[in-house]
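Here is a short report on domains and a helix. The sequence and structure come first.

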Amino acid sequence: MNQPTSVPVADRALDTAVATLLAPTGLGLDALESGLGQALGAGIDFADLYLQRSWHESWVLEDGEVKEAGYNIDGGVGVRAMAGEKTGFAYSNQITAEALAETGSTASGIARSGARLSPQAVAARPQSTRYGAEDPLSGLSAEEKIALLKEADRIARAADPAVSQVSASLTGLYEVVLVRASDGTLAADLRPLVRFNVSVIAIRNGRRERGSAGGGGRYSMARLRDEGVAERYAKEAVRQALVNLEAVDAPAGQLPVVLGPGWPGILLHEAVGHGLEGDFNRKGSSAFAGRLGQRVAAPGVTVVDDATLADRRGSLSIDDEGTPGQYTPLIEDGILTGYMQDKLNARLMGMAPTGNARRESYAHMPMPRMTNTYMLAGQDDPADILRSVKRGIYAVSFGGGQVDITSGKFVFSASEAYLIEDGRITAPVKGATLIGNGPEAMGRVSMIGHDLELDTGVGVCGKEGQGVPVGVGQPTLKLDELTVGGTQS
Amino acid sequence: MTQAFDAAAQQALLESRVAAALAQAKTLGADACEVGASVDQGIGVSVRLGEVESVELSRDQGFAVTVYVGSRKGSASSSDTGEASVSAAVEKALAIARHTGEDPAAGLAPAELMARELPDLDVHHPWALSTDAAIDLALACEAAGRGVEGIGNSDGASLSSGEGVRVYGNSHGFLGSQRGSRHSLSCMLIAEDAQGMQRDYDYSSVRDPRLLRSPEDVGASAAERTLRRLGARRPATGRFPVLFDPTQAAGLVGHFLGAIAGGALYRQASFLCDRLGEPLFPEWFTLVERPLERGAMASAPFDNDGVYTRDNTFIEGGRLASYMLSAYSARRLGMETTGNAGGARNVRLQAPLASREALLQRMGRGVLVTELMGQGVNGVTGDYSRGAAGFWVENGEIQYPVEEFTIAGNLGQMFANLAGVGADIDTRGSIHTGSWLIDDMTIAGS
């Protein structure tokens, strides 16, 4: 795994944020002080301002041509005012002195009486940057972006005559974020995020299947090109579609399941990750509530949430409350050791924030969310893991998952999977949903590979209607038993 | 509400912005142009354990412009409907259209299909609700639920109320506007027994606040739905009929609509490609769209292309009678638009309806599914495999709750195996349906 680069305070981020967010309307950092003063009304014990501007670009190829391209600009300010467990929230898509004053006084309406506090002076805090600060959209010219998509189309079509449709997309996002909170926080972040995706339809003998592949991270579009994503993901999408053309019906029932490395780490995101978010544990609504220090997974299982990985899709230099992104152990050798926290839930639970406060935009309230969540490598040879299974499923790619954090039940849906018979991978099987109970499933992890991989950078996590980019990862894993939702009973 | 929302003034402002953008695009050399703009404002409050948790005042705006230069297309959008931002978006869209490739199917919908009449569809019912009144409703809702014996914890209750305006115009000279409102109340509760915790919820969502279910009713029903899940077991693996409750049955209709949507068809990404006219459902089953129904959730006189909406019949006597097309997807398929740019509006079914009890009797032994989890629906093949929770049924009677199992099949086969539709119609969403009984699915459990 890459080691993050650690550089002294991101002065540049702050300068860029002021120039981008405040200067256009003639404001300076002092405007934040008066805005914060408005939000810190009577009875308010914490307030913060979140200023954001984002530029999003997408280029889509279909039928060999880039026929669709779009550009979106968004931005504004979101203001929170808190009194104990209560939060008042208002936002505006204008960053002006009037908007700051109005949103501040609206948000502070959550409390009507009590002491009036002054914001703490800004406390300088060292900040590491986890990714480059460049505008990722300008890394390639329009002609180069189109050429990259056409290359993917050409390679996919040449790969196999069964390929009948190819679509490819290139998207990029550049965000400038500035946070000022009454606890002395002043922090800025410049966040690039790019992604390249290829999806194909293959038709053979009247049967139709899809394959897709993609990836990206917090870097420039130029790096996508330099890393050869067009060829890699075009070939991968075709390979997956061709495998699925041969797939037989999946079995139904309880079977041993081997999960491949990387993206199947969505298991951890669903089976344990959400259940370890601070809000659910403060409210006692998570199946993991009150279980700190207890065994919640098999020995050998260590799961972390890590915002500090260089250039990863889920990485954060600072979270959306200005807390530096961190490496947070969640489960160590099977024992529950930590939750993911934002400021509100950390304060109410008497814990420290872990840099997991995230929000979709200025128009959404932050909550504890995952960043990059993965299981550390074990000792087992992946080949030995497969050899140990008499009859089971080997799943290497997934479409998505979901969890009921209260009952602990989680699902994730395989999009590429195989039968294991007598320790060997045999026929591909159709996509099937796997279902289990988080703590139980983690207790059934019996072998852990030495081949930790992170996903290629495609994850979007949804919670209470808010989407944020995340990463997952794991080594090859064996679960002794999981329910496989095929059609062959 | 503390912020006033003047819908008429907002509409006039957005209309002027749309008109200005269309004029600017023409001046700058666009051959055709279309512009959409919207503004929505509302309040959302949430309470938990008898205390206010959050109060949120929202005001969302959006603006999107698409220009056509010959058969090339460019789009740009922004959350800011200010003059400068709109003008910048037009320029950006034109810049993009210099780079995109030729697309013979690109362009506006035919001018003669633009909606001519824009009737008031009775979907705008603002609610002059103060923050305190909103909080009181949410508190009453949660209290009613927590007052039921056995409810030990709560995920809270929320009330949200909002209204908005959307405007669409294009260079055919079409300019249409529609105002709308939506108000909802929801409650999620938690109960626990020796086996663990369960949660469930209920909600009411309406255009007209006078039709909102009472807070006491929503809270009590959320409690009942939560408590009935305690003591869940895992069902046996095997082949059984499945009764989908109305919410989950609406999901099946949604999968069907996804498979007849033009975008999926011209991309060959649907298991219903080239199936027009073929029998898909039993012959007693008909599925229609009623976009002009007054007061309904998705009513609209024009679609996202400006095309007039009309009553469509997607399934007639069990056969696939029509696809669901926009102007663009219609051109790609060599067909005519069905006025469905932006999707289906108010889907209704026409079939003999049976009581829930009669459907359970007909099922005999199987599972009633009240919750589905995950994304295991493959629109390309129709393969279906999802996590589920619900109730085990023997001799036509509910026996005990079940959880941690999957149901699997293929949508094509499931539609053909539809054995009955319930009279227990859920009218909260855009798709109105009762329960669906589907024979012969695979359950994977213990």
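## Domains of chain B

Chain B has three parts: domain 1 (7-227), domain 2 (238-249 + 352-444) and domain 3 (252-350). The bounds come from an automatic or database domain assignment. The model is predicted: local features need pLDDT of at least 70, side-chain atom pairs count only at pLDDT 80 or more, and totals for chains, interfaces and linings use all residues. Residues are numbered from 1 along each chain as its sequence is written, while chains are lettered from A and ligands numbered from 1 in the order in which they are written.

## Domain 2 against domain 3

Over C-alpha atoms, the centres of domain 2 and domain 3 of chain B lie 23 Å apart. Their contact (C-beta atoms, placed from the backbone, within 7 Å) takes 20 residues from domain 2 and 23 residues from domain 3. On the domain 2 side, helix 9 of chain B gives the largest share, four residues.

## Helix 1

Helix 1 of chain B (residues 7-27) has 21 residues and should span 30 Å at 1.5 Å a residue; its end C-alpha atoms are 30 Å apart, which agrees. The expected span is 1.5 Å times one less than the number of residues. Helices are DSSP runs (H or I, at least four residues), as are strands (E, at least two), numbered from the N terminus.

Buried residues of helix 1 of chain B include Leu14(B), Val18(B) and Leu22(B). Buried means 20 or more other C-beta atoms within 10 Å of a residue's own, exposed 12 or fewer, and partly exposed in between, with C-beta atoms placed from the backbone. The face turned away from the buried side of helix 1 of chain B carries exposed residues, among them Ser16(B) and Thr27(B). Just after helix 1 of chain B, Gly29(B) takes a positive phi of about 105°.

Note on methods: Contact = placed C-beta atoms within 7 Å.
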